[in-house]
Amino acid sequence: MTPASETAGRPDARAKLHGAVRYGTDLESPGMLWGALVPAPRPSGAVRRLDLSAARALPGVVAIGPDDLDRLLPPAYRSAERPLFAAASIDYGFQPIAAVAAPTRAAARAAAEAVRATVDPAPVVADVESIFPDWPGPEAVGSPHVAAHVHAVRGDVDAAFRDADRVVRETYRTASVHQVALEPHACLARVDGDRWTVRTSTQSPFGTREDLATMLGLPESAIEVAGTWVGGGFGGKGAPLLEPYALLLARASGRPVRLALDYAEEFRLGRTTLPAVVRMETAVRDGTISGRRVRLLLDVGAALPGRDFATGYSIGFLLGPYRTPTFEVEGFGVRTHKPPFGPHRAPFAPQCAFVVESHLDHVAREVGLDPEAFRAAHLWREGEATPLGQPVGPFGLAAAFERARATARAWRAAAPPGHGVGVAGGFWSTGTGAGGELRLRLAPSEVVLEVGEREIGSGSVVAGLRAVAVRVLGLPADRIRVESLGTAEAPFDSGVFGSRTVAVLGRAIEAAAAELRSILAARLGAGGPVEFGIDGERIHVRADPAGGRIDRPLADLLTPDERGEGGVVVVGKHYGRGGTIDESLVRAGTFYGYTDFTGAAHVAEVAVDRATGAVRVVRYTAFQDVGTLVDPPAARAQVEGGIAMGLGTALTEEAIWSDDGRLLNPGLLDYRIPTFGEVPPIEVEFLEGFPGAGPFGAKGLGEPPIIPVPAAIALAVREACGAHATELPVTAERTARALKLL
Amino acid sequence: MTGGPIALRVNGVERRASDVPASERLLDTLRWRFDLKGTKEGCRTGGCGACTVLVDGESTLSCLTLTHEVDGRAVATIEAGGESPTMERVRAAFVAEGALQCGYCTPGFVVALTGLLEERGRAASRDEMLEALAGNLCRCTGYAAIGRAVERLRAEAP
């Protein structure tokens, strides 16, 4: 075990504290133009006429629309599934119908406003319940309103419900939440001949390049994507948003073009979690869950039919980490005129955990059992299979849940009147199914880890990978540096998402180190294990073969070629497998297996204002299964940050659309994320000993901490005042209504 | 107010511009005229605090401040160097507590705390510090490590 002191401290802290790092919003280039998108004036309909002439008449303005694409792009762009500019069909509010660039920011805004569009309106599908006021029947399958339909059944569900002692039915609703990375999307593009280059604030340079190639009809080799420092990602910066338009404008103008969203646009155009309706039915017999029916209507916005991943991925989370002998799950991904559903830190899993925990808590109360004991008794254990038939490996949730219950007992004993305590569990799967590579350069006085992505904030790139390398190589942290390169130079990696960075690239570091050791063992003639060390400034290579100790400076072992390249260079790869489910259960659609289960149980204590319904979270403790702790301060920071974000999902955050499809609160004063004074003291306890698929048995930690939060808080509210929340967020208004104060 | 020249003293250095429109925001003057991009643009509507600077020592949202309003005054930003030992002290506390992640909100927090500590010095209470940061949003840290940095600054008050 490496002492924490050797890995503590972020290498990017000083530069960030002097304002010296550059984010996407800081991008600038001599001679650049400022770009702006022209939004569709309505969320649905057809653009009958687009008039760019007034914009083009403004000094220095370049304006492009659908008619310009043929001259700017190779014909293959036409095979992309969604047109770059909405024309015959507007799919969502603020979808781009044209784009402009001008010499200044103000001129670009003015040019965008000078574009005239006439739209033949069509009815707006603002939400899923307006299109399916009852539940979707068989006729919904194949309907243009449905982007995905998934259905799975295990056992004789009807019999389980028929023979039940008690059946409990509830309906839950969850809101749309936005990532609210403080840095809005921004990029800078240039096109030189057939070389298309974009610098952008992205979580996934290679994924962005792949998508851009499809959207623009270009070969990937013609495109370079280079990341900037990312001012928060949370899933919102994983796929191209502005990049295709910036590249088109650069191509049309012959100049570098900067394109950045203002914050209202960020809310309107961002791809994020959308609202859902969930029906839960649970049959109980002899105090045990005997059957469940779970039905999901997920708003997937303008997702393309057949291209919705969220419904099939999420629905397993609605079964929860609980034994369920027979069940039926059915989900519809319903298209609306909102932007397409996109990932938001553990996409939709906090909402699922809220529904599952709240419902099973309610079921236990209805049948007269202790709600926490009831849930604890049903938790998956290692060696069992999930309801969808996936084997459960080392999984710390049951242990975490017991710890959480013990904490809750102590808090309840001390809680003043008006306070309540809630306990909730949740599970997640580290995204080790998305593989990747990194290049390790062992130089005479340092180790450089070359990767394709940039640091997004969690520290997983600049500090997490370094911490793994410290342990794997046995060299001190100050000798190890992570360097982010663009797609033209970097080895492929999937990107910073899915809590995968340290888990996957950490294994790639292990693979690279093993190769390095074998290369150097041969050069030393050691034939045995090789270790690394430091002597003054120099990295040494050491071995203890039978013939006696060998200790040589690395510099003496390099070939002439390696001296030219600055060291021994090896590429480490890790391509793990995704999980699989029991496909015999599936009646329709695509379900996704999870890869590497991780769990958490959280305890919240809240105080509810009996006059207003306002909730204050008083204290909070998380018990978090991490497999193995790699970087303790960074791990704690992930949990604290995830809990605060979840607190927003629980209590205040809700993007609200009008019936005609307009987002009503596209700003930080109306869409409220937690402020300093609203986040309670947070204690974090890590559970080791349930190893995962990452290096040394580590599990991903970026997403899991947010998952139990809305459930823990909602259950605490129920205990405090009796208001059983079936909608997120648990706003003061909703609680006040439940308490009949309104 | 019409456009025209302005002169600011930014981090101790005289800065001038001749043709600043009346509507130009201090945020844009700093970032795009003076290339001081450490001051961040977040919401541009006063809701996030990322653009906080000090004007004559007072914590100010540069996105809601017209450059001409502060003509002739002293501005301090996250790029401040040795002329602001208080800011250096705040930075050291942030490093020690790991009170940053993506770093986008960090300049606003550091500048706002610096302003308070320069005004109140040793007397600044925890509540005053939290009050001074109430308008600064952070999405990464959950404020926990920033809170620990605040405690450290209190414990180390000179």
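Tutor: In what follows, a helix axis is a line fitted to C-alpha atoms over the stretch in contact, and angles run from 0 to 180 degrees between N-to-C directions. The model is predicted.

Student: At roughly what angle do the axes of α2 and α5 of chain B cross?

Tutor: In chain B, helix α2 covers residues 85-97 and helix α5 covers residues 144-155. Their axes come within 8 Å of each other. The crossing is right-handed, and its angle is roughly 130 degrees.

Student: Is α2(B) parallel or oblique to α5(B)?

Tutor: The axes cross at roughly 130 degrees. Angles over 145 degrees count as roughly antiparallel and 65 to 115 as roughly perpendicular, with the rest oblique once those under 35 are set aside as roughly parallel. That makes the relation of α2(B) to α5(B) oblique.

Student: How many charged residues does the contact of α2(B) with α5(B) have?

Tutor: From α2(B) come Arg89(B), Val90(B), Ala93(B), Phe94(B), Ala96(B) and Glu97(B), and from α5(B) come Ala145(B), Arg148(B), Ala149(B), Arg152(B) and Leu153(B). By class, this contact has 7 nonpolar residues and no polar ones. The number of charged residues is 4.

Student: In what order do the elements of chain B run from the N terminus?

Tutor: Chain B has 5 helices and 5 strands. Read from the N terminus, the order of these elements is β-β-α-β-β-β-α-α-α-α.

Student: What radius of gyration does chain B have, and what would a compact globule of 158 residues give?

Tutor: The C-alpha atoms of chain B fill a box of roughly 45 × 30 × 25 Å along the principal axes. Buried residues account for 53% of the chain. A compact globule with 158 residues would come near 15 Å, and chain B agrees with its own value of 15 Å.

Student: What radius of gyration does chain A have?

Tutor: Chain A has 20 helices and 26 strands, and its C-alpha atoms fill a box of roughly 80 × 75 × 50 Å along the principal axes. For 742 residues, a compact globule would be near 27 Å. Chain A agrees, with a radius of gyration of 27 Å.

Student: Among contacts in chain A with a separation of 6 or more, what percentage is accounted for by residues 24 or more positions apart?

Tutor: In chain B, 62% of the contacts between residues at least 6 apart join residues at least 24 apart. For chain A, the corresponding figure is 80%.

Student: Which class has 5 residues in the contact of α8(A) with α9(A)?

Tutor: The axes of α8(A), residues 205-216, and α9(A), residues 243-253, come within 10 Å and cross at roughly 55 degrees, so these helices are oblique to each other. The crossing is right-handed. Thr208(A), Leu212(A), Met215(A) and Leu216(A) of α8(A) meet Glu243(A), Pro244(A) and Leu247(A) of α9(A). Of these, 1 is polar and 1 is charged, and the class with 5 residues is nonpolar.

Student: Which element supplies the largest share of the side of chain A that touches chain B?

Tutor: The contact between the chains takes 44 residues from chain A and 38 residues from chain B. Helices α2 (13-17) and α18 (632-651) of chain A each supply at least two residues of the chain A side. By class, that side has 22 nonpolar, 13 polar and 9 charged residues. The largest share, 7 residues, comes from α18(A).

Student: Is Val180(A) buried or exposed?

Tutor: Val180(A) sits in the loop between β7 (166-174) and β8 (186-192) of chain A. Its phi is near 50 degrees, a positive value in a residue other than glycine. A residue counts as buried with 20 or more other C-beta atoms within 10 Å. Val180(A) has 26, so Val180(A) is buried.

Student: How many other C-beta atoms lie within 10 Å of that of Ser499(A)?

Tutor: Ser499(A) also has a positive phi without being glycine, near 55 degrees. Its loop runs between β18 (480-484) and α16 (501-524) of chain A. Ser499(A) is buried, and the number of other C-beta atoms within 10 Å is 28.

Student: Is the peptide bond from Leu728(A) to Pro729(A) cis or trans?

Tutor: Pro729(A) lies in the loop between α19 (709-721) and α20 (732-738) of chain A. With omega near -5 degrees, the bond from Leu728(A) to Pro729(A) is cis.

Terms used: Residues numbered from 1 in each chain as written. Chains lettered and ligands numbered in written order. Predicted model: local features only at pLDDT ≥ 70, side-chain atom pairs only at ≥ 80, totals over all residues. Helix = DSSP H or I, 4+ residues; strand = E, 2+ residues; numbered from the N terminus. Left-handed = near helix turned anticlockwise from the far one by under 90°. Contact = placed C-beta atoms within 7 Å. Nonpolar A, V, L, I, M, F, W, Y, C, P; charged D, E, K, R; others polar. Rg over C-alpha atoms; globule rule 2.2 N^0.38 Å. Buried ≥ 20, exposed ≤ 12 C-beta atoms within 10 Å, placed from the backbone.
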